[in-house]
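Here are some exercises to work through with the model open beside you. Try each task before you read its solution.

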Amino acid sequence: MIQYILRRLLQVIPVFLGTTLLVYYMVFALPGDPIAALFGDRQPNPAVIAALRQQYNLDEPFWVQYGLFLKNLFTFNLGNDFTGQPIAATLGRVFPVTAMLAIEALVIQGVFGVAAGLFAGLRKGKLFDSTVLITSLVVIAIPTFVLGFVLQLVVGVQLGWAKPTVGANVTWGTLLLPAFVLGLVSFAYVLRLTRASVIENMNADYVRTATAKGLSRPRVVFAHILRNSMIPVATYLGANLGGLMGGAIVTEGIFNVPGVGQKLYQAILRSEGPTIVAIVSVFVLIFVVANLLVDLLYAWLDPRIRYDK
Amino acid sequence: MTNNFKAEHYVAPIDETPLLATDSLKSDQAPLSLWADAWHKLRRRPLFIISSLMILLLVAIAVFPGLFTQVAPNDNCDLQFSDGAPQPGHPFGYTFQGCDVYSRVIHGTQASLAVGVLSVIFVVIIGVTLGALAGFFGGWLDAFIARLGDIFFALPLVLGALVITQLPFFKDNKSVWTVVMVIVLLAWPQMARITRGAVIEVRNADFVTAARSLGVSRMGSLVRHVLPNALAPIIVLATMELGVFIVTEATLSFLGIGLPGSVMSWGNDIAAAQSSLRTNPAVLLYPATALSITVLSFIMLGDALRDALDPKSRQR
Amino acid sequence: MTTPDVRISEAGGPATRPLLEIKDLAISFATGGGEVQAVRNAHLTIMPGETVAIVGESGSGKSTTALAAIGLLPGNGRVSAGQILLDGEDISHATEKRMIELRGNTIGMVPQDPMSNLNPVWKIGYQVRETLRANGRPSGPDDVAEVLAEAGLPDAHRRAKQYPHEFSGGMRQRALIAIGLSCQPRLLIADEPTSALDVTVQRQILDHLEAMTSELGTSVLLITHDLGLAAERADKVVVMYRGNVVEAGPSLDLLRNPRHPYTQRLVASAPSLASRRIQVAKEMGVESDELLAPTDAAVQEPEKAEEVLRIENLSKVFKLRSGIGRSTDFTAVDNVSFSVKRGTTTAIVGESGSGKSTVAQMVLNLLTPTSGKIVFDGVDTSTLNNKEIFAFRRRVQPIFQDPYGSLDPMYNIFRTIEEPLRTHKVGNRASREKKVRELLDQVALPQSTMQRYPNELSGGQRQRVAIARALALDPEVIICDEAVSALDVLVQAQVLNLLADLQSKLGLTYLFITHDLAVVRQIADHVCVMEKGRLVETGSTDDVFDSPQQDYTKALLNAIPGAQLMLPPEVARA
């Protein structure tokens, strides 16, 4: 197991370095004058330019810049945005909101997706199964931002069941609608994945053997079929975290949730390069670490992996 | 073991259990290749029929929009019709700018399909080549391509696109091609992974070894035996990704970092319509529905193909 | 209603009631094309404490019948007629609740494939414990360890804490036997319990299973494709063919007097019975025909023939990764030397991990030896350049084991057989087509096969196509890597027959890689026995079989199921 963790860590480090290098290179090295590029058409005042040159060590050679950028990233010294606010402080304030949103969305897709997938898989070919299969395709086909607008309009404005925008009043309850929007597409994927792997495991030899041992049906279903079906689902949930982050930008934008995604969305609208790079780097860091955790979960779910050469 | 139960020796009546020739060839059906077999199954699936008809229609709209609407999408915009209700000849009503919604939805098809199809073509070319080489040859090449893929994979699509589109080159040259480039750059690792897995599954099959010992070269066996047998998951993923890329384009356009405003696209129209969401939601719903139906068609086609091409469902 | 166990125990009393009685059983499966009858009119009787074997080839309905007895037919299968009486109670349509009561403590099962029948995510101990608990037995760590220890797993406490992938195939099968017998069922269904294992392990496990069941007084329903094994292990044998029971009776009686034509064929072809039969057959000068497996090619005089292939001190070392940046050496083939004479058959025999297939890969020039040489027709093959290797490939061709994996599913049969001709640019399209037709004739497949795809052919037919492809370039040496191991007995006999015919017609040399000593006896002139990468014994087939020198060879020979059945010559003649 320790071997496995070490090996995964050794693989994760180059990936993290590579990805941040890619991001950094694209923003600070590819354009001739990064400051001009960061500001686009606007003319910043000289004080801001000087602060940026210092923050990003633009007078140093590229590799030193990058090294210092990494150091700053790990010490959460992310510099200031255009209004002079420290980005790290802003992130610290908005991050919990996004975390709540993500957790709620994860629960929706993880718990309900797996439950519905299990139910459909066990009743393969029956009415529930075919209904769920078609519905999930339709859900997958509706883009998150379309779904967001439609639900905002119908549930929020016309039916008045939920507040159409969240605003400053962030609670688990007010986040429910945006989390539902954010989690729905992945919910459909999780459902289909669970269903497929439940069907595959139902026909596995060891499930037949478990039944032959005299186990009750619920035991066979939960300890053998469902347990083994979780393995691909865990992998998907990890890989999908990136999609969740992308979705958070859209969802937070639509529902006016004061989270990281919205900050990023606003930064894009205002072309605030440094803020974009800082937030994306933090996201990449989270994504990489989260995937490492998922890998550990995966190893726990599937003991064969731990001993794999 | 002794047993006082006297077992008798039973023989079934021979005329009831006739002895057939060992291993006779069944010759009552026409030969079936894998593709013919898949086609056979697909022809009878409603999911396949509906989705292919939809896709044919969409392609026709994209190529010949003039056949479906006489109204030019931009020329006749008139602010007096701003957010106007449907009228004869303008079945979907008017946008905030007073443009005909139906015409814009028809003309927006082209951009979406173009981005989807072009992105898939390049993703397949790059992803399949790299994935096949990595899976077939293994070793350091595999490790290198895998790490390279991981680096791009760790950049979630929308986030990566945000960064890439900050580059002056992309800011200054916004077009269908820049959107395609962004998508291809970020989406090839997925295709490479799937291809790699499929190739690894096939590369050690006896028929590949047999071909090698016939004198077929390594590259030859990759191209002639391994890849054709690894094609099924690639086709399925490519079809599904076509739908996904169309969503991505719309999302990027919606965020303002996709297609330029001058290109008519569903994503741009949805973004433009959000301001009048509460007063005139129809303006948003029409392009959104067109977008969803298009994506649904490709996802359904991919799903039908997956069932038909699944080797497990073939009788041997 | 329950029968006290006392009734089982005693000898001398009147015949007790059968523990399991299957009467006129019919089983059908719902498929896309309607109901398909898999089993018709099946009947069998198992008395308490008795072992009954069902023998048949794949698709004969033997496993389906057994699964019906424990209520585990696949979802689309159902018992459409007849009864399954367990101690007088008809369980053919019993409720799921009743079946759950019966499974485990009344009817146990040992499944076929040890690799796929243990859940990979749970520890072995857990999988034993849940069985004990579900059947209301004490399930503490000591109970679990005891169950495992009884099945012959040493160090059971530690083993219980391991996962299935840390077990070898034989150990997994022991764990499955432990699970099957843990609740002391009265009937044990053993579905090909050892066919995935090496012969020596197979023997140990069957011995152990026999000891355990006779001690517990368990009745056993043994499902197997191997008539020799069935006769050796069971009191009664039931032969199934295409869903019907064609013959049933006491084992030896059935073997001595097979009455149904199918059983007669089976007795004649079963390789495990061949060791004894072949001697007799040779003496009597029986010609090879449909009913008899081929007499070997020993009619030729191998002594005169020239040497076509010589293996000298051949070794192959693989580097295995063990942890980060470290690797250990694994010697797959260790200093092996032997030679093959033109026109003869040399068999390399060994169990899994013996390195026999690695030798084959090196002879085929698909793997580079670590040291040693392979001399083909006087030339060291390691000195060949690319062009010469290309030419070498025309002369040495392989046939592989898995009939489902050896043909490209995307190629029709014509393209498959034509590929070697096209690769070597032999002739034009018309002459190649003519050649393909000739080759199909040679392997006794109709020419209409040309347009078909591999998935439309049976295993035996696919192997014929593989043989035709191997013959396309008129090779001198053919490497058969387990070429008949995956085939049903009768088909296997046919293919072996074909190989022998082709050898005498075309003067081919075979290097025959196999784990099955019984087959070796039928076809080989020379035998090389390998164990853990080393060559332990080599000699003419008769010498090795009649007077094996090494303990390992003796163990292998002893492990052939049915080898110890004393069969009089008239049985051998069938």
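The exercises below go from confidence to chain contacts, strands and domains.

This is a predicted model, in which local features need pLDDT of at least 70, side-chain atom pairs count only at pLDDT 80 or more, and totals for chains, interfaces and linings use all residues. Residues are numbered from 1 along each chain as its sequence is written, while chains are lettered from A and ligands numbered from 1 in the order in which they are written.

**Exercise 1. Find where confidence is lowest and highest in chain A.**

Step 1: Start with pLDDT, the predictor's confidence in each residue, from 0 to 100. Its mean over chain A is 84, and 93% of the residues of chain A reach 70 or more.

Step 2: Go through the elements; helices (H or I, at least four residues) and strands (E, at least two) are DSSP runs, numbered from the N terminus. Helix H2 (residues 34–39) of chain A has the lowest confidence, with a mean of 64, and helix H9 (residues 205–212) of chain A has the highest, at 94.

Step 3: Keep a caution in mind: where pLDDT is low, the predicted coordinates should not be read in detail.

**Exercise 2. Describe the side of chain B that touches chain C.**

Step 1: Count residues in contact (C-beta atoms, placed from the backbone, within 7 Å). Chain B supplies 39 residues and chain C supplies 54 residues.

Step 2: List the elements of chain B that give two or more residues: strand E1 (10–11), helix H8 (206–213) and helix H9 (218–255). H8(B) gives the most, with seven residues.

Step 3: Look at E1(B), which runs antiparallel to strand E10 (residues 244–250) of chain C and is joined to E10(C) by two bridges. Here Tyr10(B) stands opposite Ala248(C).

**Exercise 3. Which residues cover the faces of strand E16 of chain C?**

Step 1: Take a residue as buried if 20 or more other C-beta atoms, placed from the backbone, lie within 10 Å of its own.

Step 2: Assign the faces of E16 (residues 396–399) of chain C: Val396(C) and Pro398(C) lie on one side, Gln397(C) and Ile399(C) on the other, and all are buried.

Step 3: Four bridges join E16(C) to strand E17 (residues 477–481) of chain C, and the two run parallel. Ile399(C) stands opposite Cys480(C).

**Exercise 4. How far apart are the C-alpha centres of domain 1 and domain 2 of chain C?**

Step 1: Take the bounds from the domain assignment: domain 1 (1–106 + 185–193 + 220–269) and domain 2 (296–572).

Step 2: The C-alpha centres of these domains of chain C lie 37 Å apart.

Technical notes: Two residues are in contact if their C-beta atoms, placed from the backbone, lie within 7 Å. Two strands pair if DSSP finds at least two bridges between them. A residue is buried if 20 or more other C-beta atoms lie within 10 Å of its own, exposed if 12 or fewer, and partly exposed in between; C-beta atoms are placed from the backbone. Domain bounds come from an automatic or database domain assignment.
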